[in-house]
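Please look at the sequence and the model first.

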Amino acid sequence: MATDRSRRRTWTLSVAVLATLIILYLTTGVASGLRSGANLVVTPFSWAVNEIARPAGHFFAGTVNYSDVVAQNQKLRYQLGEAEQRANEGWAYARQLQQLTTELDVPFVGSLATVSAQVTTLSPTNFAATVDISKGRDNGVLVGMPVVANGGLIGSVIGTTPHGATVRLISDTASLVGVTFASGKTDIVVAGRGLNNGLSASSVPLGTSVVQGTHLTTDGLNGGLFPAGLPVATVKTVTLTPGAATYNLTLQPAADLRHLAYVDVVLWEPSP
Amino acid sequence: MRRLIVPVTLTTLVVVAVQLSIFSSLRFGGVVVMIVWLWPLAMGLAGLTALALWSALIAGVFFDTHASTPFGLTALVAVALAYGASRLGREGVGDLDSAAWWVTPLIAAGAGLVAPLIFVGASFFTLNFSLWRDSLLSAMAVNAVAFFLLARPITRLARWVGSLGGSRR
């Protein structure tokens, strides 16, 4: 009897706690406060584990200067990414010049200020493609700002702290990016399919000239989430389901999303 | 149980830290092995029902503070696994001493297989309908294999932590 009562009490408590969690989640302001508080508790443990795990990991890697090599490698990847980005942007510049219309009013990353940041952690879970970076509100990084690296757009800022920020990658399943191709004549929406699966686009009109290797850049439509001309992806495959009136595309991100070490936050805010 | 709250809580926080510092970076086939789910499962299999639920809640909530997935989902899955495992643990199923060596790993593998599925299913209740598009099948397969391999040592650790209080429940 007593066991039944204690079991019932345990269950009631568990249900109440879970209900509270759901309510906290739905009222996001409280949830983010809770996140920050809980972060503070876990941080010392993470630090201690890191301190133990890092040397052990280096030891098993078997090379004396492993950390230096990794750091150098990351820096080189960053520089290579910057070079690739400039090359990709050149293509977008050419397209814009051809338009000869309102390009003076179109913001572009080349003329926008950026803040460089280091990637501190990758998403700890299987179901979100995010990274944490080392610059936050104190450096002018705000929610909604685009983030570029490794040759193209990698995502946008979804959360900030004074000294850090969380970036949702374009490959996240919740990510949607408006892009354009065919000299700006066609606008479509690119959706993330998860960190391991790249990007895709559906409902691409049959009349458009889309082929493998077509470059897609952000459309910069008025009220859009990104400035125009940021390289997003190239077309990998074009499929047409029999009977369908639109193409489906699988896309290769322009930026290498798997090896992010340094990123640039574009100090550009979406217009309301 | 009260005497065990502190050691279990501290061990759980260490498990969360190990998850965040090591397992979340060590991706196998692009998949993260979720020891924050395995730990409460092992506590449950060790027959520590209330502590398994407590550790599930703590591990899940603290892990959720670091992830951008809907807050509380990891905790929900952990609690479900802990409850299921503790039902088995109370019956002695999966006991490391009396059952065949493969029983505990097999139960854990089953849990590793269904846990990502529960996670994605539960995400619908938070009005998030996009999580299923990620690597669900790989997450299920990799976690099942990892849980199979790690089940015995983690359950042994859970039993050891449980023995700190002097008796098993």
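The sections below go through the model, one part at a time.

## Basis of the report

This is a predicted model, in which local features need pLDDT of at least 70 and side-chain atom pairs count only at pLDDT 80 or more, while totals for chains, interfaces and linings use all residues. Residues are numbered from 1 along each chain as its sequence is written, and chains are lettered from A and ligands numbered from 1 in the order in which they are written.

## The barrel in chain A

In chain A, six strands close into a barrel, in the order S6-S7-S8-S11-S10-S9, with antiparallel pairing. Strands here are DSSP runs of E with at least two residues, helices are runs of H or I with at least four residues, and both are numbered from the N terminus. Two strands pair if DSSP finds at least two bridges between them.

Strand S6 (residues 176-181) and strand S7 (residues 186-192) of chain A run antiparallel and are joined by six bridges. Within this pair, A:Val177 stands opposite A:Val190, and A:Phe181 has A:Thr186 as its bridge partner. S7(A) is also joined to strand S8 (residues 199-205) of chain A, by three bridges and again antiparallel. Here A:Ala191 has A:Ser200 as its bridge partner. The hairpin of S7(A) and S8(A) has six residues between the strands, and A:Gly194 in this hairpin takes a positive phi near 105°.

## Chain B and its helices

Chain B has six helices and zero strands. Of its 169 residues, 57% count as buried; a residue is buried if 20 or more other C-beta atoms, placed from the backbone, lie within 10 Å of its own, exposed if 12 or fewer, and partly exposed in between. Among contacts in chain B between residues at least 6 apart in sequence, 72% join residues at least 24 apart. A contact requires C-beta atoms, placed from the backbone, to lie within 7 Å.

Helix H1 (residues 2-23) and helix H2 (residues 35-45) of chain B pack at an angle of about 150°, with their axes 9 Å apart. The two helices are therefore roughly antiparallel; angles under 35 degrees count as roughly parallel, over 145 as roughly antiparallel, 65 to 115 as roughly perpendicular and the rest as oblique. Residues of H1(B) including B:Val15, B:Val16 and B:Phe23 meet B:Ile35, B:Val36 and B:Trp39 in H2(B). The residues of this contact divide into seven nonpolar, two polar and no charged. Ala, Val, Leu, Ile, Met, Phe, Trp, Tyr, Cys and Pro count as nonpolar, Asp, Glu, Lys and Arg as charged, and the others, Gly among them, as polar.

## B:Pro40

B:Pro40 lies in helix H2 of chain B. B:Pro40 is buried because 35 other C-beta atoms lie within 10 Å.

## Where the chains meet

In the contact between the chains, 38 residues of chain A touch 40 residues of chain B. On the chain A side, the largest share, 12 residues, comes from H2(A). That side divides into 21 nonpolar, 14 polar and three charged residues.

How values were computed. Axes are lines fitted to C-alpha atoms, for helices over the stretch in contact, and angles run from 0 to 180 degrees between N-to-C directions. Two residues are in contact if their C-beta atoms, placed from the backbone, lie within 7 Å.
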